[in-house]
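Visitor: I am new to this structure and would like to learn how to read it. Please take me through it one feature at a time.

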Amino acid sequence: MKRGIILVVSILAFLSLWGNLTDRPERYLMVDVSSRAEVSILTDLCSIDKIEGNIAYVYALPQEVEALQEHGFRFEVIPFPYENTRVDMATTVAAMSNWNLYPTFSVYSQMVNNLATTYPSICQITTIGNSVQGRAIYVLKISDNVATTEAEPEVYYSSTMHGDETTGWINLLRFAYELCESYGSDTELTNLVNNTEIFINPLSNPDGTYYGGDST
């Protein structure tokens, strides 16, 4: 009974501390593991980021932290691996010319709209709704007869359903630019546009990507 009381008090104290640390639901933990069996158990309890020696680095929600406590794991809350990482942002479209920055949301919006304005014969922009926080979810249609539905294969590309996994977002945005800018000069890309109806949704979860605000 005493052990159960201590466990409950520990969990309540931890969750109280949790609420003071962050508004985010998950935490990043450093967990002691001593065997493959413990790693196997840990896999069922939370999301493992990596394992180095006898230390597992995991993401855990409040209920998963309780489960770790109940299974007797020893752990420590540590900063997210990216918390102290500075990401340079492009605050103008011109700053994205080298594709070595991330755009603010307003710059991203300008970029997709610029494609449709600059290449109206092969590119159309639409929104498939707005996010919970009101950000537009853009889809670009790229095809040689873009205003017509043709008897051609239709391909839909989408990325970054998980907002903090941003590589696919930039790759698809760059792919859209490559298709439009190379149309008529690159044979392979021109054939793609002429014989396919391509739909590109670079960023499907803008609220997750811009969790900290439209400029970060």
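Guide: Start with pairing: two strands pair if DSSP finds at least two bridges between them. Helices (H or I, at least four residues) and strands (E, at least two) are DSSP runs, numbered from the N terminus. In strand 10, Ile 200 is the bridge partner of Leu 140. Three bridges join strand 10 (residues 197-201) to strand 8, and the two run antiparallel.

Visitor: What kind of model is this?

Guide: This is a predicted model, in which local features need pLDDT of at least 70 and side-chain atom pairs count only at pLDDT 80 or more, while totals for chains, interfaces and linings use all residues. Residues are numbered from 1 along each chain as its sequence is written, and side-chain values use heavy atoms, with hydrogens and water left out.

Visitor: What is the order of the strands in the open sheet?

Guide: Strands of a sheet pair through backbone hydrogen bonds, either parallel or antiparallel. Here four strands form an open sheet in the order 7-8-10-9, with mixed pairing. Strand 7 and strand 9 (154-158) are the edge strands, each pairing on one side only. From one strand to the next, the twist averages 20°; axes are lines fitted to C-alpha atoms, for helices over the stretch in contact, and angles run from 0 to 180 degrees between N-to-C directions.

Visitor: How many bridges link strand 7 and strand 8?

Guide: Six bridges, in the antiparallel sense. Asn 130 stands opposite Ala 136 in strand 8. Five residues lie between the strands of this hairpin, where Gly 134 takes a positive phi near 90°.

Visitor: Which strands of the sheet does helix 4 touch?

Guide: Contact means heavy atoms within 4.5 Å. Helix 4 packs on the sheet, touching strand 7 and strand 8, and its direction makes about 25° with that of strand 8. Buried means under 20% relative accessible area, exposed over 50%, partly exposed in between (1.4 Å probe, protein chains only). The buried residues of helix 4 include Phe 105, Tyr 108, Met 111 and Leu 115. Among the elements they pack against are helix 5 (167-182) and helix 7 (206-209).

Visitor: Where does pLDDT stay under 50?

Guide: pLDDT is the predictor's confidence in each residue, from 0 to 100. It stays under 50 over residues 1-9, which have two contacts beyond four places in sequence, and over residues 11-22, which have 19 such contacts. Where pLDDT is low, the predicted coordinates should not be read in detail. The mean pLDDT of the protein is 89.
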